[in-house]
Amino acid sequence: MPPKRGSKRKATKTTGVATPNGDAPQSTAPDRATWPGWVEMESEPAFFNVMLSEMGVKGLRVQEVYDMDEALLLTLPQPVHALIFLFRYRAAEDQQQANDYCPKQVWFANQTPDFACATFALLNIVNNIPGLHLGSELQKFKDFTNDMDPLSRGDAVDSFDFVKRIHNSFARDNDLLQADLHIEGKNSKYRKRQATARANAARAARRNEEMASRKPPLQEKSPNAVHARATGRAKRPTSKKSSKESTPDEGPDDAYKSRSRSKVTAASEAEDEQKPSNGLRRSKREPKPRKPDLVSAAQHDSDDADGFHFVAYMPINGNVWKLDGLDCFPQVVGPFSEDTGGWMQIAQPHLVGRMDQYAASEIQFNLMAIVHDPLVGEKAALVKNVRMLQAFDRKLDAFSDDWREIDGADTKKDVVTTASTEYGITAEELGIPELTADLVTKREVEHDLLQLIQLRKEAVIQQTGLRAAVRDSLEAIRSDEEKARHRRHGYGMFVRSWLGALAEQEVLGSVTED
């Protein structure tokens, strides 16, 4: 997930060499081989196909889905193994998770690092497809993490340099710098939260010490209070003496002062009885709202940032699962049955509902399908056709050496009859024996020369469509590799050098003025 768009960042010090026409130094991109982070991936099926191929996965193809219409979904290569949904993630819209555990039959990893949701979505998919060829590296990784919990698997993926290098190979220098700025900003906010929490804890400790060190004020003991505690009722006060019964040394003014002091003392004792036992005075002002603690602040901070996020949907053991690396555990969308239309009948309305929800808010989204690679079946059919032609040729050679001169037995140059690098057919694949009724073993035609030539002619015609299908699939692979090559090529250095040369010739000023 990318950082929040439009968020302000503090200026950071950059390193590098000054540009030819200014004092500002150029930022130096980190070394990709040792860089520990991850970069954001574009929702481009070509990049995902190249990633799967370089990871060693065979038999899968990523294809973009333009509409969730049922008729259009039927045109996808079958079977459809999974769907990858890209949407703008918002923490405030995080849905409640119903499932609170990870079943043994579901391989699921939590996304622990930022910007790695594309790779996590792919790994959560390929590790749940039975019988899939993963390649040596991924197969070892799956075996190593098979008994781990989702969080430990997420940490293992973050430390898996093999897939991290493939993921980051699509990053430009600016992507690496942006990711570093994002991580630096998160670390800075985390350090500030820690410092604030420590300062609040220190202030609270000092306040408690001050309160504990203060002694309650001494209260004047009254005989009435002692009598009340002993008997449970207050002793009746004696009647006041009149001015005539006052002592001879006591004048009228002294009597007045004595009565005033008695009233003040009584009022003070009444207030003391209402005060708390520790003798501290309470403020009548409303208390200030407490600041959130470190955990709530961490949840409220970075993780409310908006960004694009990949989520996988796929069938596993009779249920459709949502595999979101930001969820604690995989979530069940619903059960399905092949008799009622398959798993897409469950995933389709769920995804349509989410798309309608985001479309109403004008939020961008995208959908890709992980399908069975059609090249696998197309190439197998072409190999079978070449074997059949070779079997026909061996039978016809047994009849006559000049059978190729017969009408209909000619072979054009583009017909494949042996191993071919153009179509990826090896001699080992053609040398594998295969027993099938379509080969030339039918008793009714194995001794009929003209019938054999006619069957061979039909196989040659059939091969035209097979070659076209394989050629199209191979061209799609080459197109994906070309897109990945352009994406991985660093054009930034060329542009900087070109601008530097223009600056040395002092032509940038005239260009900018125009």
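Predicted model: local features only at pLDDT ≥ 70, side-chain atom pairs only at ≥ 80, totals over all residues.
Glu429 belongs to helix α13 (residues 427-430) and Lys379 to helix α12 (residues 374-399), so the pair ties together parts that are 50 residues apart in sequence. Glu429 is partly exposed, at a relative accessible area of 25%, and Lys379 is likewise partly exposed, at 22%.

At the start of α14, a side-chain oxygen of Asp448 comes to within 3.3 Å of the backbone nitrogen of Leu450.

Among the 13 salt bridges of the structure is one between Arg487 and Glu42 (3.2 Å, N to O); because Arg487 lies in α14 and Glu42 in the segment before α1 (45-55), this pair ties together parts 445 residues apart in sequence. Arg487 counts as buried at 8% relative accessibility, whereas Glu42 counts as partly exposed at 39%. Another salt bridge joins the side chains of Asp480 and Arg61 (2.7 Å, N to O), linking α14 with strand β1 (residues 60-64) across 419 residues, and both of these residues are buried.

## Surroundings of Arg456

Leaving aside residues up to four places away in sequence, Arg456 touches Leu389, Phe392, Asp393, Leu396, Trp403, Ala409, Asp410 and Thr411.

## The chain as a whole

The protein chain has 16 helices and six strands, and buried residues make up 32% of its 514 residues.

Conventions:
Residues numbered from 1 in each chain as written. Heavy atoms only, no water. Contact = heavy atoms within 4.5 Å. Helix = DSSP H or I, 4+ residues; strand = E, 2+ residues; numbered from the N terminus. Buried < 20%, exposed > 50% of the residue type's maximum accessible area, 1.4 Å probe, protein only. Polar contact = N/O pair within 3.5 Å; in protein donor to acceptor, adjacent residues only side chain to side chain. Salt bridge = Lys/Arg side-chain N within 4 Å of Asp/Glu carboxyl O.
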